[in-house]
Amino acid sequence: MLMNFFSTLLLALPLSSIAKDPVIAKPVALQCEYLLNPIGIDATKPRLSWSMADTRQDAKQTAYRIVVGKDSVAVSKKRGTSWDSGKITSANRLVNYTGEPLTAFSKYFWTIELWDKNGKLAGKAPVASFETGMMTADPWKGSWISDGNDINKRPAPYFRKVFEPKKQVRSARAYIAAAGLYELYLNGKKVGNHRLDPMYTRFDKRNLYVSYDVTAQLLKGSNAIGVLLGNGWYNHQAIAVWNFDKAAWRARPAFCMNLRITYTDGTTATIVSDADWKTSLSPIVSNNIYTAEHYDFRREQAGWNTVDFDDHKWEPVVVRKAPSDLVVSQAMQPVRNVEEIPVKSMKKLDDTTYVFDLGRNISGVTKIRIKGEEGTIVRLKHGERLYANGRVDLSNIDVYYRPKDQTDPFQTDILTLSGKGDLEFMPKFNYKGFQYVEVTSNRPVQLTKESITGYFMHSDVASKGSISSSNPLIDRLWWATNNSYLSNLMGYPTDCPQREKNGWTGDGHFAIETGLFNFDGITIYEKWLADHRDEQKPNGVLPDIIPTGGWGYGTANGTDWTSTIAIIPWNIYLFYGDSQLLADSYDSMKKYVDYITQISPKGLTTFGRGDWVPVKSKSDLEYTSSTYYFVDATILAKTARILHKHADYDHYRKLADQIKAAINGKYFNAETGIYASGVQTELSVALQWGLVPEIHKAKVAENLAKRVAADGMHLDVGVLGAKAILNALSDNGQAETAYRLAAQDTYPSWGWWIVNGATTLYENWDIKAERDISLNHMMFGEIGGWFFKGLGGIHPDEQYPGFKRIQLRPNFVRGLDHFKAVHESPYGKIISDWKRTGNKVRYMITIPPNSDAVVSFPVDDGKKVYRNGKVIAPKITLGAGVYQFEIV
């Protein structure tokens with residue numbers, strides 16, 4: 001009877017009175033310097049970031065508290081001895097550490113408390129960590145060592161040392177810097193899974209070191225360290241038109257290493273690179289990052305990196321000077337073998353000739369499994385095309401190679417077999433761009449389709465975006481664009497992974513939005529802009545390719561290419577809401593703009609390359625170069641305002657106005673709405689970069705659409721026009737024309753490549769061109785970002801960067817029944833998803849927590865927007881949440 005009474009009472013009470021509200025919000029994605037639990041951080045005030053998971057409408061963060069300390073248990077209980085920010089009333093999700101000074105070689109734990117939209121404490125966050133590295137040059141105890149051979153000596157050197165920890169080990173960290181490339185081994189096993197470390201820099205100004213947790217690889221008793229060095233870009237032995245071999249820093253590869261051991265009693269010991277190490281030549285008898293790698297299995301020294309190996313025949317090492325005065329942590333996403341790609345088909349031409357097809361174009365390497373008689377020579381030629389007879393054709397990619405002889409053929413690994421059963425080879429210090437592999441041998445060998453495996457190698461950046469649509473061509477083009485982007489991300493953005501591997505500045509900024517909508521690339525770009533600062537001349541001039549061994553400071557390395565110095569930091573700011581790269585690059589931007597002003601005092605400049613590889617029409621060089629001069633001055637002015645440099649803001653805003661007036665005064669006919677001669681590129685760049693006065697935008701955009709129609713609804717642009725044309729149309733009322741261009745599948749168009757079998761983007765609209773015909777290039781890659789903007793309508797807002805406020809301006813174009821774009825912003829997932837049924841469009845959006853959006857609906861032809869059956873305004877502001885609309 002009593003139980004029935006209490007049951008009735010409980011049922012009568014509101015739920016909130018008998019149970020606490022469920023915790024819905026929680027902190028997620030804790031990162032330090034945009035990395036998950038990194039080690040080897042040199043920043044004295046590292047950036048800490050997070051986002052908020054909360055599925056409620058209008059979800060937001062009202063306050064946060066950060067706790068940092070060296071004791072993970074204490075930090076989990078919200079007690080931090082290094083920093084306790086206290087409760088900060090703020091929606092910020094990116095802050096710099098401002099606690100007690102960080103000490104080198106220290107592991108810090110951190111966590112965060114968040115308060116939700118109702119002022120309630122959110123769910124518990126995980127405890128994250130970061131670990132400092134050297135911090136300064138002082139802790140380096142190791143010497144730089146080499147084998148002392150001449151720069152033209154081809155075989156790669158081995159190095160080894162045996163040591164024994166004196167006490168019980170609690171933890172161990174390896175810190176290694178190299179001039180060249182390295183692989184590090186402990187007790188016979190490779191340390192980590194990175195490829196091509198360290199990343200390419202201006203070696204005589206800045207070198208990178210990499211940090212590893214090697215605790216698990218240390219053994220009780222004796223241990224052996226092994227290091228294998230490759231040439232990389234440091235000792236470039238091949239000759240090409242960019243004079244890599246003449247770099248001022250060029251020398252035999254060297255390295256410096258500290259293996260720091262912490263014992264259980266708290267004491268430490270450091271095993272270092274010094275004169276006690278020994279060296280020998282390896283079976284890698286030639287290695288060149290530009291051409292290929294040669295390996296002689298007969299020269300293998302089994303167990304060379306293990307304790308019991310007999311090294312009495314090895315030579316002493318040579319201690320040498322450090323290549324630069326600055327050695328800093330490589331705090332960035334590494335290059336890895338990201339994807340294993342099986343062979344799609346194999347053709348056996350005879351007992352000594354096989355051709356393998358991966359079915360797609362990639363950057364990377366192949367692994368071969370093979371056996372044969374001792375002394376058999378096997379060649380693996382990698383290329384993008386086939387001759388009519390089915391053999392690999394290199395003629396489109398070896399055009400800039402200038403070999404002295406035939407001993408190092410382009411993109412051709414050469415193996416000498418030992419006759420000792422099944423052998424396996426994969427290059428360590430080289431990568432290539434290819435789809436096909438031709439294997440030839442001087443004696444018969446038996447191969448199968450499984451004998452070759454491809455590995456797609458690139459900077460291992462996380463995916464941040466995706467699209468899907470009702471048009472398979474669009475989806476395939478997006479996929480191919482991403483393949484090209486990743487193929488050209490090797491610690492810095494390149495133009496192509498085969499013919500050049502150069503960090504062409506123009507290609508880098510043409511593709512920046514595509515890269516950032518699709519991938520988490522901030523660490524790569526911050527490293528590359530540091531390379532820019534290293535390469536900049538005192539007068540402000542930058543080279544076309546960065547890094548460079550000295551080539552590229554010519555007369556055409558002007559604004560349309562080297563505007564990377566401004567455009568990339570600005571886009572990082574827009575996408576991440578982080579002004580650090582703007583601040584780091586500010587002085588370089590300023591020197592660069594001041595140099596252009598010095599040589600072009602009237603606001604117009606011819607300093608540039610122009611609209612590279614156009615279909616047919618040429619654009620005025622002064623007009624396009626001056627346009628990028630305007631872009632740089634505008635970004636510089638905005639940056640000065642963000643950084644509170646008020647005098648600079650006034651100066652460069654006026655300069656930008658003067659440049660704009662000079663361009664419009666000479667090249668714009670306000671009566672006709674035509675820029676310059678009126679070709680597609682000239683009309684597009686004016687709209688894309690903000691030259692057109694507001695009252696004339698519609699007319700100029702209409703003229704552009706008419707010009708496209710007059711050109712048969714096909715492209716007639718080079719790289720500058722390809723960056724601008726789709727945005728110029730879709731942002732100015734001509735989205736239908738933009739989509740027809742993007743979805744075109746006849747020459748010249750992006751789709752023409754796809755229907756002809758492309759799995760990456762090409763360098764030339766004409767697939768039968770006699771030059772400029774790399775089949776894996778990124779310079780026409782803006783379309784991959786345009787899908788998010790021009791169809792999904794997702795745009796950052798420079799007043800609320802990092803997608804704190806999202807500008808949503810979708811275009812429900814004819815010819816598409818469905819389009820969905822997803823972008824993982826710093827605040828969470830943005831989804832713009834529309835579907836057409838008859839005359840009605842259903843539009844669904846997701847706005848992440850702690851963010852909001854201004855939504856502008858395309859409501860031409862008298863259509864109205866409905867939400868929950870009620871008519872709403874065609875432009876509204878919404879808080880976080882999931883929404884659905886109908887446009888009828």
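Strand S25 (residues 345–350) runs antiparallel to strand S26 (residues 353–370), the two pairing over five bridges, where pairing requires that DSSP finds at least two bridges between the strands, and a hairpin of two residues joins S25 to S26. Within this pair, Met346 stands opposite Phe356 in S26. Helices (H or I, at least four residues) and strands (E, at least two) are DSSP runs numbered from the N terminus.

This is a predicted model, in which local features need pLDDT of at least 70 and side-chain atom pairs count only at pLDDT 80 or more, whereas totals for chains, interfaces and linings use all residues. Residues are numbered from 1 along each chain as its sequence is written, and side-chain values use heavy atoms, with hydrogens and water left out.

**Annotated region**
- An unreviewed UniProt entry lists residues 347–458 as "domain: Alpha-L-rhamnosidase concanavalin-like"; feature names are shortened, and annotations may be inferred rather than shown by experiment.
- Over residues 347–458 the chain is 0% helix and 52% strand, with the end C-alpha atoms 28 Å apart.

**Pockets**
- A pocket is, on a 1 Å grid over the protein atoms alone, an open set of points where a 1.4 Å probe fits, with protein on both sides within 12 Å along at least five of seven lines, and lining residues have an atom within 4 Å of a point.
- The largest pocket holds about 1,300 Å³ of space, a volume being the space filled by probe spheres set on the points.
- Its lining comprises 37 residues, of which Trp570, Lys638, Gln688, Trp689 and Glu798 lie nearest the centre of the largest pocket, and H10 provides the largest share of that lining, seven residues.
- The lining of the largest pocket divides into 14 nonpolar, nine polar and 14 charged residues, with Asp, Glu, Lys and Arg counted as charged, Ala, Val, Leu, Ile, Met, Phe, Trp, Tyr, Cys and Pro as nonpolar, and the others, Gly among them, as polar.
- The second largest pocket has a volume of about 810 Å³, and H6 gives the most to its lining, with six residues.

**Backbone geometry**
- A cis peptide bond joins Asp197 and Pro198, with omega about -10 degrees, and Pro198 lies in the loop between strand S13 (189–190) and strand S14 (207–213).
- Met713, although not a glycine, has a positive phi of about 55 degrees, and at 12% relative accessibility Met713 counts as buried, a class defined as under 20% relative accessible area (1.4 Å probe, protein chains only).

How values were computed:
Buried < 20%, exposed > 50% of the residue type's maximum accessible area, 1.4 Å probe, protein only.
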